[in-house]
Amino acid sequence: MQTTCPTPEAPALPTTDAAAFTLTTAEFAARHGIKAQSLRVRLSKTGHYFGVRPLKLANRRVLWPDVIARA
């Protein structure tokens with residue numbers, strides 16, 4: 001007979017102000033003077049762009065906050 005162990009609860013996700021995430025990848029890249037593809041590569045390799053993380057939408061798009069990333 002197998003015993004089941006309780007599954008741990010998922011950690012609570014921090015609440016994000018979705019209104020602050022208004023820029024598309026192309027717009028965010030243009031504000032930082034880089035190509036949109038360079039931003040996508042950096043996001044896929046590290047999960048962020050110099051500490052700035054986008055909001056992932058259900059349709060696989062991402063929205064970026066209107067902030068200046070500093071290296």
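From the N terminus on, the elements of the protein chain follow the order β-α-α-β-β. The model is predicted; local features require pLDDT of at least 70, side-chain atom pairs count only at pLDDT 80 or more, and totals for chains, interfaces and linings use all residues. Residues are numbered from 1 along each chain as its sequence is written, and side-chain values use heavy atoms, with hydrogens and water left out. The protein chain contains 2 helices and 3 strands. These are DSSP runs numbered from the N terminus: helices are H or I runs of at least four residues, strands are E runs of at least two.

Confidence is given as pLDDT, the predictor's confidence in each residue, from 0 to 100. The mean pLDDT of the protein chain is 82, and 76% of its residues reach 70 or more. Over residues 10-14, pLDDT stays under 50. Where pLDDT is low, the predicted coordinates should not be read in detail.

The protein chain has 71 residues, and 24% of them count as buried. Buried means under 20% relative accessible area, exposed means over 50%, and partly exposed lies in between (1.4 Å probe, protein chains only). The protein chain exposes about 5900 Å², with 56% supplied by carbon and sulfur atoms. These areas come from the Shrake-Rupley method with a 1.4 Å probe; for residues, only the protein chains shown count as cover. Among contacts with a separation of 6 or more, 45% join residues 24 or more positions apart.

Helix H2 (36-46) has buried residues on one side. Ala36, Leu39 and Leu43 are buried in H2. They cover an arc of only 60 degrees around the axis, so they lie on the same side of H2. The arc is that of the directions from the helix axis to the C-beta atoms. Ser44 and Lys45 are exposed on the other side of H2. The buried residues of H2 pack against H1 and S3. Gly47 follows H2 and has a positive phi, near 85 degrees.

The structure holds 3 aromatic pairs. Rings of Phe, Tyr and Trp (its six-membered ring) pair if their centres lie within 6.5 Å; planes under 30 degrees apart count as stacked, over 60 as edge-to-face and the rest as tilted. The ring centres of Phe28 and Tyr49 are 6.1 Å apart and the planes meet at 85 degrees, so this pair is edge-to-face. Phe28 sits in helix H1, whereas Tyr49 is in the loop between helix H2 and strand S2 (55-56), 21 residues apart. Phe28 is buried, at a relative accessible area of 0%. Tyr49 also counts as buried, at 10% relative accessibility.

Phe28 also pairs with Trp64: the centres are 4.6 Å apart and the planes at 15 degrees, so the pair is stacked. Trp64 belongs to strand S3 (residues 62-65) and Phe28 to helix H1, so the pair ties together parts 36 residues apart in sequence. Trp64 is buried, with a relative accessible area of 0%. Phe28, Tyr49, Phe50 and Trp64 form one aromatic cluster. Arg42 lies over the face of Phe50, at 4.2 Å from the ring centre. The criterion is NZ of Lys or CZ of Arg within 6 Å of the ring centre and within 35 degrees of the ring normal.

Trp64 is also touched by Thr24, along with Arg61 and Leu63, not counting residues up to four places away in sequence. Thr24 is in the loop between strand S1 (21-23) and helix H1 (25-32). Thr24 is partly exposed, with a relative accessible area of 27%. The C-alpha atoms of Thr24 and Val62 are separated by 6.9 Å, though the two residues are 38 residues apart along the chain.

How values were computed:
Contact means heavy atoms within 4.5 Å.
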